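Student: Hi! Could you walk me through this structure while I have it open on my screen?
Tutor: Happy to, just bring it up and ask away.

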Amino acid sequence: MFTVDVVRAPELGNASFVVADPERGAGMVIDPMRDIERYLEIAKAKNIKLTHALDTHLHNDYVSGCRELAAEAGTNIDELAPNQEMKVGDLSIRALHTPGHTPEHKSYVLTEAGRPKVLFSGGAVMLGAIARTDLFGPHLAVHLALEALSTLQVRLRGLPDDIAVYPTHGGGSFCGTGGRSGFETTLGNERQTNPFFQTTEVMPFLARALNQPRYPTYYRDMGAVNRGGAPLLGVTLPALTRLEPDEVARMMDEGAAVVDVRTGRDYDRSHIPGSYNVGIDGPVSAWVGWLIPRGRPLVLAGGTQAEHREAQRQLLRIGFDVIAGELDGGMDAWRSSGRELTSFQTVDVEDLAQWVLSAEPMTVVDVRDEHEWVGGHVPGAIHMYVPDVPVRANEVPHDAPVAVHCASGYRAGIAASLLEQAGLKRIIHVNGEYSDWDRLHLAESRP
């Protein structure tokens, strides 16, 4: 009897899978990430040898761990051609050509005793969605969307409804939106409920598949990193160097970026001017990878050692390896060194509503994405998606307070730190759920 262990990376909205035949002492990993100790721990607990590691596609959102597993566990990383099979213990794994998310995308069918049991679908099938088709540029987006339609309606047609489906991309992944959270379903359930299976006409399918929000900047060179092979990390992550305030200040003068991983409310109370607020309570890697160029030295600050370690793990997963270290002693040490700390005012949505109704001079900046904005927004607000803030901050008047909000407060905290870097001084960080705007029976503007 085989087992499947799901290994999640919540900040990416992704998962990888350890497939084992415990009776034969053999196993493999599908779509491994770069930090491999969890796979080795599972293998040790099950008393199996990891013999193979396979990727469903060239990843644009994280560094593949196949080379790490080959170096540390001796796994075989030979690629399977479409319809080629291999054995893992008594299990058979067959590759299916399932293009759409990427041109060369493959899914893997696990069979036991000749019967298909599991489909490891990568991005070909997600819970309630498929992975996006525009990562290779707009010139291929329509072509790949048509391939995705053929994958769903033709290439997967021979698989039974009761086959289990384990997708790599899930809810929260920028590789696909609109789906449900989770990493296990059945093909029959998706055929009955997934709108991409239900949409069989070409033009409606294209309209649905190509209606995607933007994706992080670092995706653009992630494929090249995976093709070239990122440096090997080994089983454990490298230690973080503890840095004194003088060292951090010098590094900032030389171009390093300070990433403060505290929650927005803590950051608002006091923080290093010019730092980035990317809280550990959200996807650190996605937003650092969106806003800070790969290769720019990073200093982690504000959090506990465990929080800095988690941020480091996330960043290494996307190949952001130039982490100079962590600020030792946090904001207290920075203050004790005689250096300035700044702060933001923190308010709730109800406070924002009162300000709007008072008609006092104020600029409201909505940093949600375009899909959220068109669903309704605060009257008179400026729309400026978080990644656009550095290049559009000059549109915000400097002679009145600026209140920044998103859907929950997380992205608003990032944007507030970007506005401060752009020279704005009177910044108000709106925390809390934007849905409170509806709860308070306040009118929304719509395009």
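Student: At what angle do helix 10 and helix 11 pack, and how far apart are their axes?
Tutor: This is a predicted model, and in it helix 10 and helix 11 (residues 305–317) pack at about 60°, with axes 8 Å apart. Helix 10 and helix 11 are therefore oblique to each other. Their crossing is right-handed.

Student: Which residues meet there?
Tutor: From helix 10 you have Val-284, Ser-285 and Val-288, and they meet Ala-311, Gln-314 and Leu-315 of helix 11.

Student: And how does helix 10 pack with helix 16?
Tutor: Helix 10 and helix 16 (residues 410–421) pack at an angle of about 30°, and their axes are 12 Å apart. That makes helix 10 roughly parallel to helix 16, because angles under 35 degrees count that way. Helix 10 passes helix 16 in a right-handed crossing. The contact is made by Val-284, Trp-287 and Leu-291 on the helix 10 side, and by Tyr-410, Arg-411, Ile-414 and Leu-418 on the helix 16 side.

Student: Switching to rings: how many aromatic pairs does a search of the whole structure find?
Tutor: The search finds 13 aromatic pairs. One of them joins Phe-174 and Trp-287, whose ring centres are 6.3 Å apart with planes at 85°, so the pair is edge-to-face. Phe-174 lies in the loop between strand 9 (164–167) and strand 10 (185–186), whereas Trp-287 lies in helix 10 (residues 284–291), so the pair ties together parts 113 residues apart in sequence.

Student: Are those two buried or exposed?
Tutor: Phe-174 and Trp-287 are both buried.

Student: What about Trp-290 and Tyr-385, how are their rings arranged?
Tutor: The ring centres of Trp-290 and Tyr-385 are 5.6 Å apart and the planes are at 90°, so the pair is edge-to-face. Trp-290 lies in helix 10 and Tyr-385 in the loop between strand 18 (382–383) and helix 15 (389–392), so this pair ties together parts that are 95 residues apart in sequence. Trp-290 is buried, at 9% relative accessible area, and Tyr-385 is buried as well, at 2%. Ring pairs link Phe-174, Trp-287, Trp-290 and Tyr-385 into a cluster.

Student: Nice. Which arginine lies over the face of Tyr-434?
Tutor: That's Arg-368, at 4.2 Å from the ring centre. Arg-208 lies over the face of Phe-196, at 5.9 Å from the ring centre.

Student: Where is Arg-368 in the chain, and what does it touch?
Tutor: Arg-368 is in the loop between strand 17 (363–366) and helix 14 (370–374). With a relative accessibility of 5%, Arg-368 counts as buried. Leaving out residues up to four places away in sequence, its contacts include Tyr-385, His-405, Cys-406, Arg-411 and Tyr-434. The C-alpha atoms of Arg-368 and Ser-408 are separated by 9.7 Å, and these residues are 40 apart along the chain.

Student: Last topic, backbone angles. What is phi at Asn-83 and at Ala-359?
Tutor: Asn-83 has phi near 75°, a positive value in a residue other than glycine. Ala-359 is not a glycine either, and its phi is positive at about 65°.

Student: Where do they sit, and are they buried or exposed?
Tutor: Asn-83 is in the loop between helix 2 (66–73) and strand 5 (85–88), and it is exposed, with a relative accessible area of 55%. Ala-359 is in the loop between helix 13 (349–358) and strand 17, and at 65% relative accessibility Ala-359 counts as exposed.

Note on methods. Residues are numbered from 1 along each chain as its sequence is written. This is a predicted model: local features need pLDDT of at least 70, side-chain atom pairs count only at pLDDT 80 or more; totals for chains, interfaces and linings use all residues. Side-chain values use heavy atoms; hydrogens and water are left out. Rings of Phe, Tyr and Trp (its six-membered ring) pair if their centres lie within 6.5 Å; planes under 30 degrees apart count as stacked, over 60 as edge-to-face and the rest as tilted. Helices (H or I, at least four residues) and strands (E, at least two) are DSSP runs, numbered from the N terminus. Buried means under 20% relative accessible area, exposed over 50%, partly exposed in between (1.4 Å probe, protein chains only). A charge sits over a ring if NZ of Lys or CZ of Arg is within 6 Å of the ring centre and within 35 degrees of the ring normal. Axes are lines fitted to C-alpha atoms, for helices over the stretch in contact, and angles run from 0 to 180 degrees between N-to-C directions. Angles under 35 degrees count as roughly parallel, over 145 as roughly antiparallel, 65 to 115 as roughly perpendicular and the rest as oblique. A crossing is left-handed if the near helix is turned anticlockwise from the far one by less than a right angle, and right-handed if clockwise. Contact means heavy atoms within 4.5 Å.
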